[in-house]
There are 2 protein chains.
Amino acid sequence: MAKSTPSVDALLFDVFGTVVDWRSSIIAELTEFGRARGLEADWAKFTDAWRGLYQPSMEEVRSGRRAWTILDVLHRESLDTLLAQHGFGGLGEADRVHLTQVWHRLRSWPDVVAGLTRLKTKFIIGTLSNGNVGLLTRLGKNVGLPWDVVLGAETARAYKPLPEAYRAAARLLNVEPARVMLVAAHNGDLAAAAREGLQTAFIPRPTEYGPHQKVDFKAEGDWTYVAGDFGKLADQLGCA
Amino acid sequence: MAKSTPSVDALLFDVFGTVVDWRSSIIAELTEFGRARGLEADWAKFTDAWRGLYQPSMEEVRSGRRAWTILDVLHRESLDTLLAQHGFGGLGEADRVHLTQVWHRLRSWPDVVAGLTRLKTKFIIGTLSNGNVGLLTRLGKNVGLPWDVVLGAETARAYKPLPEAYRAAARLLNVEPARVMLVAAHNGDLAAAAREGLQTAFIPRPTEYGPHQKVDFKAEGDWTYVAGDFGKLADQLGCA
């Protein structure tokens, strides 16, 4: 699958969907929270609606209509909107903070920790995520992700797929974009990275959106690598 | 030693001197390089002179006389100056890149890796260094430092001891400065951190400057913690 390319110094990973199974993690936590508080809702639908507000909220920032705002704040605003819509407007500040931070407590896909541990022996491994630094740091720590460095939208002050999000990551590592590889479960993210000269690896996560998954079942571009999971990527990249 | 203070979320570490023994590491590598190339010099003096240009080179940036410039570039310029002064102006580009990157290959003090590993079980641990992100990432990887996050002058775009260097680190972690503790072997760095509201821990490194050490043998401020090494700090902070 590998084409003739420069050797890679750093593998940077999309996080939501590629590294962590945000949907099932959040449904499980919201369901438990609702049961404990006696709040009834279709928590799967609530979770999908929360994620549904993700792109529109970032688009306000990408477009320049809104000043730079970190994802924790966008998540909180979207949560507040949904709580009001569901008649849960009476929930207090501590609960809202706790629920917003569910994005710091997501579970990883089963292959992730072992795969990253192998990849780390040969490459710098880090994030290239729209999550803010605090979110990614706490998530990595909660899950036990052995990142060498935490990069992304906040260190670039640009949300993916804006070109600066990818360029800034390579610049902060002091390498040419061609010596960085984005690993992602999303063809659109990889296409944007490839346009900036990064190498690309596609890892399918066909259950990310549960029964609503419509795209990203397979590679739709000429990516540098395509692998079934992080362990198989480590095999292809010659990691012990 | 602990005063009544808020609980801490993150321990951020000064790196050069506090985590790594830059002086003996660089003397050893330069001595070996000189022997291999037949270049004669007092490499200890060369190393001290290189470090001697560190503060003046950053001061050009701090003062605003020079646009933001990362430490790898400052190190390289200082190296070029010293090579010329020593009559080694004929050294080629590859050698200069290799020598500049000696700052990516420094050895840690003996207590560091075990101490950080314990501290990491209870706190976010990361850098708060004037090194650039690429330098700190590679140094951490070479030494096996288990950082959760890499922060410092470059993510703040301000060199310590400017206030923004400390403020930006807390902001990127989404916590109040009082919930961050700077761990450093330098009283001046701790004083600047304390002025921005960070907690402080002093770890003496009395051989950092070898026979030329003149300051920082002991705590000179009312620091939150004072400990003999990272292991003793972990003891004081109640880490298993």
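**Exercise 1. How many Å separate the centres of domain 1 of chain A and domain 2 of chain A, taken over C-alpha atoms?**

*Solution.* Keep in mind that this is a predicted model. Start with the bounds: the domain assignment of chain A gives domain 1 as 10-21 + 109-236 and domain 2 as 22-104. Then take the centres over C-alpha atoms, which lie 23 Å apart. Next, look at where the two domains meet: domain 1 of chain A brings 20 residues to the contact, and domain 2 of chain A brings 14 residues. On the domain 1 side, helix α7 (residues 133-143) of chain A has the largest share, with five residues. Sorted by class, that side of domain 1 holds seven nonpolar, eight polar and five charged residues.

**Exercise 2. Work out the strand order of the open sheet in chain A, and find its edges.**

*Solution.* Reading across the six strands gives β3-β2-β1-β4-β5-β6, with parallel pairing. Now look for strands that pair on one side only: these are β3 (149-152) and β6 (225-226) of chain A. For a closer look at one pair, take β1 (residues 10-13) and β4 (residues 180-184) of chain A, which run parallel and are joined by four bridges. Here A:L11 sits opposite A:M181 in β4(A).

**Exercise 3. Describe the side of chain B that touches chain A.**

*Solution.* Count first: 16 residues come from chain B and 16 residues from chain A. In chain B, α7 (133-143), β3 (149-152) and α8 (153-156) each supply at least two residues to this side. Of these, α7(B) gives the most, with five residues. Finish with the classes: the chain B side has six nonpolar, six polar and four charged residues.

How values were computed. Residues numbered from 1 in each chain as written. Chains lettered and ligands numbered in written order. Predicted model: local features only at pLDDT ≥ 70, side-chain atom pairs only at ≥ 80, totals over all residues. Contact = placed C-beta atoms within 7 Å. Nonpolar A, V, L, I, M, F, W, Y, C, P; charged D, E, K, R; others polar. Pairing = 2+ DSSP bridges. Domains from an automatic or database assignment.
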